[in-house]
Structure formats: structure tokens, C-alpha cells
Amino acid sequence: MKKVRIGIIGCGGIANGKHMPALSKLPNVELVAFCDIIEQRAIDAKAKYGTPDASVYTDYKELLKDTTIEVVHVCTPNRSHSFITVDALDSGKHVMCEKPMAINSAEAKKMLDAAARSGKKLTIGYQSRQSMGAQYLKTEALNGTFGEIYYAKATALRRRAVPTWGVFLNEYEQGGGPLIDIGTHSLDLTLWIMDNYKPKYCVGTAYHKLNKDTNQGNAWGNWDPDKFTVEDSAFGFVVMENGATINLESAWALNMIDVREATTLVCGTKAGGDLHDGVRVNGIRNNSQYVLRPTLNPQGAAFYEGASAGDPSSVEAAQWINAIVNDTDPCVLPEQAYTVTRILEGIYESAKTGKPYYFD
């Protein structure tokens, strides 16, 4: 079996929590290079996941010089997603870049252009699509169950779960807070199920109401109020070119009990569906209301060798490698992720100006 040789750029939390464990389970993958600006992280990653002769780097450009590496996973802070991805594509590598695609649409467009001129595959790490519930709703949408979807809600709300590690609170490095961190998953999921990537305009608000709290009760320990420079919550109202509307809710800290993350609700002319309590599909049949709550079976989802049934991260990695081996499209197309970035940027811009943001 031919092994796909992969290099990891950025050996921090998301690489250790998602990418490397998922890739290491695949029988046709070899992790042969690890890069991090903190060398010990790369050394530790090699020891745990790498081949015996895997290379360690602190400069990603040195890693890209290895012509035997076919695929690179970019797992760095948001600001560096674009230029590392562009360099990797131009060096002849396929690229999986962790979400969000980039800190703004201009940077994301550079990634699109690099993928086009290099002829290499580019995908973005929106693993929420790979949950069994999301796959079920997508199948219902493709089968026409919902009819025309004209209203949706994308939800990523936490009560007190501000990430206090890494650079999550640093606006320069991340480009924003919960909207670009977790709201991006819910928005991607919603657009994908709707199959609608043509926004017309949006209105947004962003809040810094709880950043300075000292009585925090945070799930991951107290944050430093002086370093919490991003929003604690942000909300958007998006109107699509066909008239459909999407409400987007995101928060790391919000005084509420009914919290949900990476969920969506879609309403169509024939039926509706959501991921708010497992999977629910609602509609009218025989002049009566019904609610369908399917029992999800892992065998009903797409199967990829080495993927753990029902584990979105494993399925994401497996389908990505499958796309490379068989020269097919990955689940998440870069053009789709580009639209997500455009909408997030529009919401942030509307929040700053207090005016609607119109897409070209």
C-alpha cells in the first residue's frame, strides 16, 4: 500500500487534539515531518506520531523543501494560515488548513488563487460536517425533504467557556473571538446544508461586555482581563441573494443556560430540521404535525478505512486522504470556506461601522 507522506506545520493544541491522532489511525498515511516555532513541540509530536526517521523543523519553509512530502496540514494561529498555505501549495503540496480559512477575505482569496495555479487540493478543517447528525440533515436536504430552505439559524453559544490557552484572546493573531473561532463552524454547517453560497448583505453586532469580569466561573480557569482583546460574543443577520436569511449566534461567555455549539436549524417550504437535541426533522403529514427523531447508525454514514465510526475528526481525515489518493474533491471545497470567511468579515465590519455590509 502506497503511503501518503504528510508534514504537520504547527504542533500545538489543534494538531494534538485533532489532526495528528486522526491521521495516525489511517493505514495509508505516514507523518514524516513536524514543524513548530517551539522546537520541543515538534520533537514531542515526532516521538508520539512520527515515523522513526521523521524530520523536525522550526522553519516551515525548510519543511516545504522536502519534495517527498505530498500533503501539509496547517495548524497554526489564524493570521498565518494564508501565507503558509500559499507557500505550501506553490511548493507542490496538497493542503489541509485548519479553520477558519483566513483572518479576512483578501487573505483567503490568495489561498484560492494559489490552489488554482498550483493544481493542488486545498481544504479547510470544518469537521462538524462529518458528524452523523450533520450528514443525516445533508442527505435530507439533498433528497428534497426540506424543499426551499429560506430561514436558518447557526448557533455556537457557550455560557462560560473562554479558551485561556494559546493565542485565542489575541485579536492580532486570531482576527477575532468566538465568531471566527466557533461561529465559523456553525455558519459553515448551515451554508453547506442549505447549499447556498451567495450572500447579499449582513448586519452584525459584537460585544465586549464580560471581558473585564473578575468573577468569571470559566470552564478552563480565569482569563486575564487585560489580554482578552477580542469580543466575548457576536451576532449576525445574513440575507442571501435569493432572499433566504440566516441568524448567526456566537459566544464564549453569555449569561444563558441553553448552550449549543456547532449546531444548525433549517426551515424550508416542505419541512425543517435541526441538531438541537440529536437530529430532529419536523413537518406536516396527513394534515398533522410530526417530529422525526432518527436513531443514527454509524453504518449509515460514509465509510473510510481507518476512520472511527461517528468520530467527525477521524472521518474528516479519512475522506481528505481518500480525495488525494483517488483524485476526487474533498468534502469542504475552498470556495465554500471562502464564502464563510467573507460573511464573518462582513459581520465584523458591520459591528464596527453600525451599518449593513453589502457583498459585491
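Which element gives the largest share of the lining of the second largest pocket? Keep that in mind as we walk through the pockets.

This is a predicted model, in which local features need pLDDT of at least 70, side-chain atom pairs count only at pLDDT 80 or more, and totals for chains, interfaces and linings use all residues. Residues are numbered from 1 along each chain as its sequence is written, and side-chain values use heavy atoms, with hydrogens and water left out.

**First stop**

Select G13, I14, C75, T76 and P77, which lie nearest the centre of the largest pocket. A pocket here is an open set of points on a 1 Å grid over the protein atoms alone, where a 1.4 Å probe fits, with protein on both sides within 12 Å along at least five of seven lines; lining residues have an atom within 4 Å of a point. The space in this pocket is about 1,000 Å³, a volume being what is filled by probe spheres set on points joined across faces, edges and corners.

Next, colour α1 (13-24), α4 (81-90), α8 (178-194) and β11 (260-268), each supplying at least two lining residues. Helices (H or I, at least four residues) and strands (E, at least two) are DSSP runs numbered from the N terminus. With 4 residues, α8 gives the most to this lining.

**Second stop**

Move to the second largest pocket, with a volume of about 360 Å³. Of its 21 lining residues, pick E171, G175, G176, Y348 and K352, the closest to its centre. Then show α7 (171-174) and α10 (334-353), the elements that give two or more residues to this lining. Here is the reply to the opening question: α10, with 7 residues, has the largest share.
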